[in-house]
Amino acid sequence: MKSLKIASSAVMAVAAFSISLCAASSAFAADALSLGNPAGEPAPASDAASNRPPATFFTITDVLAKLDRQRGRGPNAIRTAALTPLNTATDALPAAKPLPPVGAEPFGLFTFRAPENGMWRKWRGLESDLAREQTVLEHCRENAASCPANAAQFLRLINAVKSRSGRDRLDEANRAVNQAIRYVSDFAQHGEADRWTAPLATFATGKGDCEDYAVAKYIALSEAGFPREDLRLVLGRDRAIRQDHAVLAARLDGGHWLILDSRRSELIDDRELDNFTPMFAINEHGVQLFAAPYAKRLPLGDELDAAPAAANAADAEWTGVEDLSSSGAQLPGLPLLL
C-alpha cells in the first residue's frame, strides 16, 4: 500500500512537471511571436489575417515616378533613385560630359550642299570663265612668246608659289596676290553690286574685291599643285565691321586650316577669326553651307543634327556687297534646320 502511494506521488509529480513545461513552451512561443508582429496585430494564421488584402510589391523608382506624375511633370516622368539629389552634398566627381563633335571643315564646322540659288549661278558662271582661262594658261605654257601680258604675269606668280612648299607655299600665294591686286569694289569697277571675276580678267585690270583675291589664290595654289580638296573659298560675315567678306581657307598637315585674307599679309589660323561668321564654302564640289552641331551651340544632349552656322548671327545673309550702305539683290534666306 505504501509503495502504491509512492508510485502515485511520482506520477503526479511527473504530470505537474509536464504541465509546467508545456506552459513554459507556450509562453516562449508567444514571446517569439510577439517579436515578429507588432502589438495588436494578429498572427499570420489568424482569422483576421485571412481577411487582409494580398501583399503589394513596388520599387522606389515606381514611387518616385508616381510622385512626379502627381506633381505635373508629365505622364512619362521618370526619376531614378540612384541619382544624387541636387540638395545633397557629395565629394564624388561629376561624370565627364562628352565633348561636342568637331567638323573637319574650316572653323571646326560641317558643311552640306546649299540649295539652288543665286550663289550656285554665280559659281557656275565663274567655272565657265575659269575653264576658258585654263585654255589660255595651257597655250602660254606651250608658246610663251604669244602669251598675253596678264596671263604671263599670273604664270610667274604660279611658278613662284610652286617653288615653295608647306606653309611657305600658302604664304607666297597670299602675299603675291595681295600685292598684285588693288582693292576696288564691284560697283566702282563694273557698275554692279557683285561680280565674280576669274584671275586673268582680274590681273588684266589689276583691280578686284575680296572674292577676286580669294579666287586668284585658289587657282594659283591649284595650278601650283596644292590639292583642291584642301582649299575652300569661304564667304561670310565680318561681325566686327558688319560687312560681307570672302577669304580662302587652306588645309595644311592633314587638318590644320589657315586663312588667306586680302586684308592681311600674314596667314592666320581659322580659330583666331572670332568675329567672322562663315556662311558658304565653295570648291570643285560646288556650293556648301557651313553648319554647326547643336551640341556646340546649345546643351541639347547628344544630337548630331546640324544648324546653319549663321543661324543666330545678325544680318547673316550674303549679299556680296562689302559696304552695307550699297544696295544689291540678296539671296533667299538660309534654311534653318531646326
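1. Start with the contact between two helices. In helix 5, Gln153, Leu157, Ala160, Val161 and Lys162 meet Arg169, Glu172, Ala173, Ala176, Val177 and Ala180 of helix 6. Contact here means heavy atoms within 4.5 Å. Helices (H or I, at least four residues) and strands (E, at least two) are DSSP runs, numbered from the N terminus.

2. A word on the basis. This is a predicted model, in which local features need pLDDT of at least 70 and side-chain atom pairs count only at pLDDT 80 or more, while totals for chains, interfaces and linings use all residues. Residues are numbered from 1 along each chain as its sequence is written, and side-chain values use heavy atoms, with hydrogens and water left out.

3. Now the geometry of that helix pair. Helix 5 (residues 149-162) packs on helix 6 (residues 166-180) at an angle of about 155°, and their axes are 8 Å apart. Helix 5 is therefore roughly antiparallel to helix 6. Axes are lines fitted to C-alpha atoms, for helices over the stretch in contact, and angles run from 0 to 180 degrees between N-to-C directions. Angles under 35 degrees count as roughly parallel, over 145 as roughly antiparallel, 65 to 115 as roughly perpendicular and the rest as oblique. The crossing of helix 5 past helix 6 is right-handed. A crossing is right-handed if the near helix is turned clockwise from the far one by less than a right angle, and left-handed if anticlockwise.

4. Look at Glu172. This residue sits in helix 6. Is Glu172 buried or exposed? Glu172 counts as buried, at 19% relative accessibility. Buried means under 20% relative accessible area, exposed over 50%, and partly exposed in between (1.4 Å probe, protein chains only). Leaving aside residues up to four places away in sequence, Glu172 touches Ala160, Val161 and Arg164.

5. Helix 5 has a further partner. Its axis and that of helix 9 (residues 210-223) come within 8 Å and cross at roughly 60°. That angle makes helix 5 oblique to helix 9. Helix 5 passes helix 9 in a right-handed crossing. On the helix 5 side, Phe154, Leu157, Ile158 and Val161 take part; they meet Ala216, Ile219, Ala220, Leu221 and Glu223 in helix 9.

6. Turn to the strands. Strand 4 (residues 231-238) and strand 8 run antiparallel, joined by 6 bridges. Two strands pair if DSSP finds at least two bridges between them. Leu235 stands opposite Phe280 of strand 8. How many residues of strand 8 are buried? The count is 8 of the 8, so strand 8 is largely enclosed by the rest of the structure.

7. Strand 4 also pairs with strand 5, in the antiparallel sense, over 8 bridges. Val234 faces Val247 of strand 5 across this pairing. The hairpin of strand 4 and strand 5 has 4 residues between the strands, and Arg242 takes a positive phi near 55° there. Strand 5 (residues 243-252) is mostly covered, with 9 of its 10 residues buried.

8. The run continues into strand 6. Strand 5 and strand 6 (residues 256-260) are antiparallel and share 5 bridges. Ala249 has Ile259 of strand 6 as its bridge partner. In this hairpin 3 residues lie between the strands, and Asp253 takes a positive phi near 60°.

9. Check the aromatic rings. The model holds 3 aromatic pairs. Rings of Phe, Tyr and Trp (its six-membered ring) pair if their centres lie within 6.5 Å; planes under 30 degrees apart count as stacked, over 60 as edge-to-face and the rest as tilted. One of them joins Phe107 and Phe276: it is tilted, 5.9 Å centre to centre, with 35° between the planes. Phe107 lies in the loop between helix 3 (60-70) and strand 1 (110-113), and Phe276 in strand 8 (residues 276-283), so the pair ties together parts 169 residues apart in sequence. Phe107 is buried at a relative accessible area of 14%, and Phe276 is buried at 8%.

10. Phe107 also pairs edge-to-face with Phe290, at 6.2 Å centre to centre and 80° between the planes. Phe290 belongs to strand 9 (residues 286-293), so this pair ties the loop of Phe107 to a part 183 residues away in sequence. Both Phe107 and Phe290 are buried. Ring pairs link Phe107, Phe276 and Phe290 into a cluster.

11. Last, the whole chain. It has 10 helices and 10 strands. Of its 338 residues, 37% count as buried. Among contacts between residues at least 6 apart in sequence, 60% join residues at least 24 apart.
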